[in-house]
Amino acid sequence: MKHRNTALSAILGLGIAAALGTAAPVQAAPATVAPVQHTAAQSAQHYTSAKQEAGNKAFFEAVMKSVAKKQAAHPGLKSVTITYDASAAPSYQSQIAASAQIWNAAETNVKLQSGSNADFSYREGDDPQGSYASTDGHGSGFVFLDHAQTQEYDSVRVTAHETGHVLGLPDDYSGPCTELMSGGGPGPSCTNRQPDAQERAQVDALWANGFAKALAKADLAPRS
């Protein structure tokens, strides 16, 4: 995983191997393109590769700023609603909906919902980098779901893991299968789709005090 300064983008999550550090960005292919074939070893390498914490933080803060700017007129809100657009990932509608349900059941300070004027979107296609989350740092971000990778690994786990980055969680590939953000570390046999207690607490803490914190992060809080 790396942070591309020249493109002002932060790439994080399941998909980028360290060996791709000098590679040019790969554009997401349309869903109609034939899937790229990965060997199991290649897919595991992408899925369990390292990433920079700065990239994860950039995506989280971009989403937080987007939410804050849209809802600045409602500073009294105790929880934050993050809106997503899944129209560019038609093959993953059920997985995306399931991921939103998983996180919404797990959290109280932040909720995910499908809608227009979205804070981030989902896309699908074929990319040798695998699945990842990306932002330009200015409130425009997306989660990319790779066809080959989501066939080898549990597709809902992949989607929920990437959505965890949207909510502010980093990767922890050395963790056990019971930890959602361990991603592909435990291998393709791991099908756990639920964040553990520590992950749930971390997300709630990141969005603590609801919208007030989002306003502060977006530098929109009232000044005395």
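This report describes the fold, the core and a few selected residues of one protein.

The model is predicted, so local features need pLDDT of at least 70 and side-chain atom pairs count only at pLDDT 80 or more, while totals for chains, interfaces and linings use all residues. Residues are numbered from 1 along each chain as its sequence is written, and side-chain values use heavy atoms, with hydrogens and water left out.

## Overall make-up

The protein has 7 helices and 7 strands. Helices (H or I, at least four residues) and strands (E, at least two) are DSSP runs, numbered from the N terminus. Read from the N terminus on, the order of elements is β-β-α-α-β-α-β-β-β-β-α-α-α-α.

Of the 224 residues, 50% count as buried. Buried means under 20% relative accessible area, exposed means over 50%, and partly exposed lies in between (1.4 Å probe, protein chains only). The protein exposes about 9800 Å², and carbon and sulfur atoms supply 52% of this area. Accessible areas come from the Shrake-Rupley method with a 1.4 Å probe; for residues, only the protein chains shown count as cover.

Contact means heavy atoms within 4.5 Å. Among contacts between residues at least 6 apart in sequence, 69% join residues at least 24 apart.

## Strands

Two strands pair if DSSP finds at least two bridges between them.

| Strands | Sense | Bridges |
|---|---|---|
| β3 and β5 | parallel | 3 bridges |
| β5 and β7 | parallel | 5 bridges |
| β6 and β7 | antiparallel | 4 bridges |

Strand β5 is mostly covered, with 5 of its 6 residues buried. Phenylalanine 120 in β5 is the bridge partner of tyrosine 84. Glutamate 124 stands opposite leucine 145 in β7.

Strand β6 (residues 132–135) is covered on both faces. Tyr132 and Ser134 lie on one side, Ala133 and Thr135 lie on the other, and all are buried. Alanine 133 stands opposite valine 143 in β7.

## The nonpolar core

A nonpolar core is a set of buried Ala, Val, Leu, Ile, Met, Phe, Trp, Tyr and Cys residues joined through side-chain atoms within 4.5 Å. The largest one here has 31 residues, and those with the most contacts inside it are Ile82, Phe120, Tyr122 and Trp207. The elements that give two or more residues to this core are α2 (53–70), β3 (80–88), α3, β4 (110–114), β5 (120–125), β7 and α5 (155–166). The largest share, 5 residues, comes from α2.

Tyrosine 122 touches residues from several stretches of the sequence, including Tyr84, Ile96, Val143, Leu145 and Thr163, when residues up to four places away in sequence are not counted.

## Serine 99 and threonine 163

Serine 99 is in helix α3 (residues 93–106). Serine 99 is buried, because its relative accessible area is 0%. Leaving out residues up to four places away in sequence, serine 99 touches Val156, Thr159, Ala160 and Thr163. The side chain of serine 99 also reaches the backbone nitrogen of alanine 160 at 3.1 Å. This is a polar contact, a pair of N or O atoms within 3.5 Å; within protein, one must be able to donate a hydrogen and the other to accept it, and residues adjacent in sequence count only if both atoms are side-chain atoms.

Threonine 163 lies in helix α5 and is buried, with a relative accessible area of 0%. With residues up to four places away in sequence not counted, threonine 163 touches Ser99, Trp103, Leu112 and Tyr122.

## The loop between α5 and α6

Asparagine 192 is in the loop between α5 and α6. Its side chain reaches the backbone oxygen of threonine 178 at 3.3 Å. Asparagine 192 and leucine 180 are 12 residues apart in sequence and 6.9 Å apart in space, C-alpha to C-alpha.

Side chains of opposite charge can pair when their charged atoms come close. The structure holds 1 salt bridge, defined as a side-chain nitrogen of Lys or Arg within 4 Å of a carboxyl oxygen of Asp or Glu. The side chains of aspartate 154 and arginine 193 form this bridge (2.9 Å, N to O). Aspartate 154 lies in the loop between α4 (147–152) and α5, and arginine 193 in the loop between α5 and α6 (197–206), so the pair ties together parts that are 39 residues apart in sequence. Aspartate 154 counts as buried at 15% relative accessibility, whereas arginine 193 is partly exposed at 35%.
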